[in-house]
Amino acid sequence: LRSCSPGRARRTNASRRACLIARFGDIYAQERLDAENLLRTYISDMEMVQRIIYAAAVESFHAAKMAYRQFKIHVRETLSISHLGPESLEDKVLDFIVQHEDLYDVQASVNEVIRSMNINPKISFPPEVDFIVISTLIRELCRVAFSMQTLIPPLDISFGIDGELFSENKYYRGVDSDFSAALVAYHVWPALMENDVVIMKGRAVTKR
């Protein structure tokens, strides 16, 4: 007889959560910096460079979450045909996804992110260059964002808009900030959230 204990995904939730939070921090420290240095060879405006990287982060999470929803629907439909229990179908679906994350078509998400960035009115790029030059950053963000959807509860990033009131709880100020300004001029990196609670602060630049 099979055990009625929680599925493997639930049992490993805490350790996977810790690893994914750490990985998100690593991406900020390494892949983001690599992308920034690469973009600086094409773009002299540091604000535009940081806007591009922030847009890449936001679009990567959006694309990965959409891909996860579609993937989960497909897995549920497939497993429901033969599901008998005793574990719940949702646990079985989650276990399958966690064990087979390599089936996630990350390249399709990368392509979707680049397509979205190409029509984003807030960012621009020299016509002779393509956003594919930062595909390593985009790919790693998509992977971590997809994996974060398997957590209970899932992790997500904050949604920031230019001109919003700066929040000390959500962001650190970027080095180019006017520290007396109350409004966000633009965002450098999103905050990591869990049920609307900040898990890891993002970074934003404030200016008058």
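Colleague: Are Tyr104 and Phe146 buried or exposed?

Modeller: This is a predicted model, in which local features need pLDDT of at least 70 and side-chain atom pairs count only at pLDDT 80 or more, while totals for chains, interfaces and linings use all residues. Residues are numbered from 1 along each chain as its sequence is written, and side-chain values use heavy atoms, with hydrogens and water left out. With a 1.4 Å probe and protein chains only, buried means under 20% relative accessible area, exposed over 50%, and partly exposed in between. By that rule, both Tyr104 and Phe146 are buried.

Colleague: How many aromatic pairs does the structure hold?

Modeller: Rings of Phe, Tyr and Trp (its six-membered ring) pair if their centres lie within 6.5 Å, and planes under 30 degrees apart count as stacked, over 60 as edge-to-face and the rest as tilted. Counted in this way, the aromatic pairs in the structure number 9.

Colleague: Why is the pair of Phe125 and Phe131 called stacked?

Modeller: Phe125 counts as buried at 15% relative accessibility, and Phe131 is buried with a relative accessible area of 4%. Their ring centres are 4.6 Å apart and their planes stand at 20 degrees, so the pair is stacked.

Colleague: Which residue lies over the face of Tyr28?

Modeller: Tyr28 forms one aromatic cluster with Phe24, Phe61 and Trp189. A charge sits over a ring if NZ of Lys or CZ of Arg is within 6 Å of the ring centre and within 35 degrees of the ring normal. At 4.0 Å from the ring centre of Tyr28, the residue over its face is Arg32.
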